Amino acid sequence: LTLRVTDSNGDTVLPADDVGPMDEATFNPLLYTINQGAMSPFDYYYDSGGADVSDWEPEVALTYYDSTEVSPAAVTVANDRVFTSSDGTIWLIGELVNQSDTPAQVNNLAGALLDSDGVAVAADASYNATRYLAPNGDPNGLDRTPFSISLNGAADSYVAARYYFDVAQSEALANAGDLVVDITNGFVDTYDYQHLYANVTNTGEQVLSVSFVAGLYNSDGVVLDAAFATAPIYVMPGATVPMNFDYFNAVYGEANQVALVDHYTIQVDYYWTYEYTSAVVALESSNEQSDSGDGYFSLTGDINNTSASDLTSATVILALYDSDGDLYSSSSTSLYPDSGLFASGDTLPFSLSVALPSGVDPSDFTFFTFVQGYPQ
């Protein structure tokens, strides 16, 4: 698409490029592929600098397209809602459900708010959604994904939400089913932030980089929020790694929203889960010193490169376990030496904190660190 914006004098009011104001700008619709008979919203944003825009005239034209063969998958939206957070962001939140008897690949999911004339007044795409969906009726519920779409714009006049899909039939992925997710804990901290924790176990034979999507639901099954995250370290065959979701952006700090959370889900996004073929090394922490207070537990220490390899970086996970041995809270950090090289025999300091609900005393809890280094 090509955009032109002019004022009443016919002069362009698009932002300047390297040589001056732009006559036009090119951008893409929110869906990569638009099936026959379907449509896609589009959105282009730039800062007006506080100018009076009442006489600005936008013009959008289709200037290039290509064609391809697709096999669309049938999908529907369920358990959705429109929510405006305290900062003015409008959220479209729900579940995308695969109605096909084959797996589906979600290339794009977009949403818009429409006014009474059916005109889109705000639109954007979702990045918090699982890209791989199992066939309809999957016993583990992987035929659906929670999603969230954030919208900014003059959307006060909207009367309805609409969703747009670029979802194609897919083959079953090779690593689908090699991971087991066990949700161990969820709580709201003193700042009204929802936290969610789980263990992921690799039952396959490959070293995996694992991505997840989590959903928060009320007692009626309506989706309150969704979030995307990646396991902090690569998951070795047979290993169990702690996983944390600490940022659900739609309900972030919204006391009346987090109070509605009744249950939650975490599922593997097998599209963004893949075999990691480069070398990794297991390391250990030392010289740990812990501290705790209302709403947190912290740990400082050192990471020693006890391997025979020079490393580019390392990742540390701090996991806190309750008196029953269940994962209660966790967080992670990546360490990058100033020199760019974590040489064999060198030491790097680290500092990590995990969140706790107010009033929880971690004195009976135990902690463990998972450390992974990455050779050059």
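Modeller: Helices (H or I, at least four residues) and strands (E, at least two) are DSSP runs, numbered from the N terminus. This is a predicted model, in which local features need pLDDT of at least 70 and side-chain atom pairs count only at pLDDT 80 or more, while totals for chains, interfaces and linings use all residues. Residues are numbered from 1 along each chain as its sequence is written, and side-chain values use heavy atoms, with hydrogens and water left out.

Biologist: In which helix is Gln257 found?

Modeller: The helix in question covers residues 255–258. Gln257 is found there, in helix H1.

Biologist: Is Gln257 buried or exposed?

Modeller: Buried means under 20% relative accessible area, exposed over 50%, and partly exposed in between (1.4 Å probe, protein chains only). Contact means heavy atoms within 4.5 Å, and Gln257 touches Arg81, Phe83, Leu224 and Val251, not counting residues up to four places away in sequence. Because its relative accessible area is 7%, Gln257 is classed as buried.

Biologist: What is the order of the strands in the open sheet of three strands?

Modeller: Strands of a sheet pair through backbone hydrogen bonds, either parallel or antiparallel. Two strands pair if DSSP finds at least two bridges between them. In this open sheet the pairing is antiparallel, and the order is S6-S7-S11.

Biologist: Which are the edge strands?

Modeller: An edge strand here pairs on one side only. The edge strands are S6 (75–84) and S11.

Biologist: How many bridges join S6 to S7?

Modeller: Strand S7 spans residues 90–98 and runs antiparallel to S6. Within S7, Asn98 stands opposite Val75. The number of bridges joining S6 to S7 is eight.

Biologist: Which strand gives the most to the lining of the largest pocket?

Modeller: On a 1 Å grid over the protein atoms alone, a pocket is an open set of points where a 1.4 Å probe fits, with protein on both sides within 12 Å along at least five of seven lines; lining residues have an atom within 4 Å of a point. The largest pocket is lined by 30 residues, and among those nearest its centre are Phe42 and Val121. Strands that each supply at least two lining residues include S1 (2–6) and S9 (120–125). With five residues, the strand that gives the most is S9.

Biologist: What is the volume of the largest pocket?

Modeller: Grid points are joined across faces, edges and corners, and a volume is the space filled by probe spheres set on the points. For the largest pocket, this volume is about 980 Å³.
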